[in-house]
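Biologist: I have just opened this one and would like a short tour. Can you take me through it?

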Amino acid sequence: MGKFQVIDHPLIQHKLTIIRDKNTGTKVFREVVNEIAMLMAYEVSRDMPLEDIDIETPVAQSTQKTLTGKKVAIVPILRAGLGMVDGILELIPAAKVGHVGLYRDEETLQAHEYFFKMPEDIDNRQIFVVDPMLATGGSAIMAIDSLKKRGASNIKFVCLVAAPEGVRALQEAHPDIDIFTAALDDHLNKHGYIVPGLGDAGDRLFGTK
């Protein structure tokens with residue numbers, strides 16, 4: 001079973017409160033989502049592999065650690081996932097970015113794919129699938145299905161707020177996937193929204209209704 005981790009660093013919790021507040025406007029919401037994503041990326045990337053490299057410091061020859069060049073791809077689930085990409089790129093600027101477009105049928109709450117564009121070598125990359133919300137789990141499951149069908153295997157899912165129902169659904173569908181969230185909230189309401197949550201992340205990021 002992949003690991004499930006709530007990254008509850010005080011800075012992350014403080015910033016999460018800002019974006020939960022309904023009075024936080026689009027500009028601040030967008031900035032803080034990126035800040036949380038960057039702070040989370042620090043923890044999500046903790047097990048990236050290292051190798052030895054010989055360097056010369058101003059004082060002596062030395063053997064030190066460097067990333068082994070394990071390539072990273074950040075895959076936002078459109079559209080809200082876009083809000084987390086720049087924050088992670090701040091920390092891992094060499095990462096490539098792929099995109100998965102999904103929409104949710106408002107009647108059935110089922111996810112449907114309408115767009116898929118990836119770097120060519122996704123089978124060789126550590127993939128971070130990002131979406132601010134893990135609600136029913138439908139979008140995350142479908143995005144990971146799509147990636148696995150195209151040969152990806154090393155996948156982590158990163159969100160800001162998760163509902164227990166979505167975590168369970170994702171773990172059942174993809175037990176090998178590590179899930180990282182900044183908060184595990186109470187439940188989903190009858191409209192499929194996370195409670196207390198932060199509303200519709202896409203609308204709040206992009207100023208739409």
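Modeller: Start with Leu160: leaving aside its neighbours within four places in sequence, Leu160 is in contact (heavy atoms within 4.5 Å) with Leu16, Ile19, Val33, Ile36, Met40, Met84, Asp131, Pro132, Thr181, Ala182 and Ala183. This is a predicted model, where local features need pLDDT of at least 70, side-chain atom pairs count only at pLDDT 80 or more, and totals for chains, interfaces and linings use all residues. Residues are numbered from 1 along each chain as its sequence is written, and side-chain values use heavy atoms, with hydrogens and water left out.

Biologist: Which residues touch the most other members of the largest nonpolar core?

Modeller: Ile19, Ile36, Met40 and Leu160 do, out of 37 residues in that core. A nonpolar core is a set of buried Ala, Val, Leu, Ile, Met, Phe, Trp, Tyr and Cys residues joined through side-chain atoms within 4.5 Å. Buried means under 20% relative accessible area, exposed over 50%, and partly exposed in between, with a 1.4 Å probe and protein chains only.

Biologist: Which elements each supply at least two residues of this core?

Modeller: Helix 1 (10-20), helix 2 (26-44), strand 4 (72-78), helix 3 (82-91), strand 8 (126-130), strand 10 (155-162), strand 11 (178-184) and helix 6 (201-206). Helices (H or I, at least four residues) and strands (E, at least two) are DSSP runs, numbered from the N terminus. Helix 2 gives the largest share, eight residues. Apart from this core lies another, of 25 residues, among them Ala140, Ile155, Val167 and Ile177.

Biologist: Back to helix 2. How do the axes of helix 1 and helix 2 cross?

Modeller: They come within 9 Å and cross at roughly 155°. Axes are lines fitted to C-alpha atoms, for helices over the stretch in contact, and angles run from 0 to 180 degrees between N-to-C directions. Helix 1 is therefore roughly antiparallel to helix 2. Angles under 35 degrees count as roughly parallel, over 145 as roughly antiparallel, 65 to 115 as roughly perpendicular and the rest as oblique.

Biologist: And how do the axes of helix 2 and helix 3 cross?

Modeller: Those come within 7 Å and cross at roughly 45°, so helix 2 is oblique to helix 3. The residues making the contact include Val33, Ala37 and Ala41 of helix 2 and Gly83, Gly87 and Ile88 of helix 3.

Biologist: Which residues of helix 3 are buried?

Modeller: Gly83, Met84, Val85, Gly87 and Ile88. Their cover includes helix 2, strand 4, strand 5 (96-97), strand 8, strand 10 and helix 6.

Biologist: Strand 10 again. How many of its residues are buried?

Modeller: Eight of eight, and strand 10 is mostly covered. Strand 8 runs parallel to strand 10, joined by four bridges, with Ile127 partnered by Ile155 in strand 10. Strand 9 (residues 133-134) also pairs with strand 10 in the parallel sense, over two bridges. Two strands pair if DSSP finds at least two bridges between them.

Biologist: Which strands form a hairpin?

Modeller: Strand 2 and strand 3, with four residues between them. Strand 2 (residues 50-56) and strand 3 (residues 61-67) pair in the antiparallel sense over seven bridges, and Leu50 stands opposite Leu67 in strand 3.
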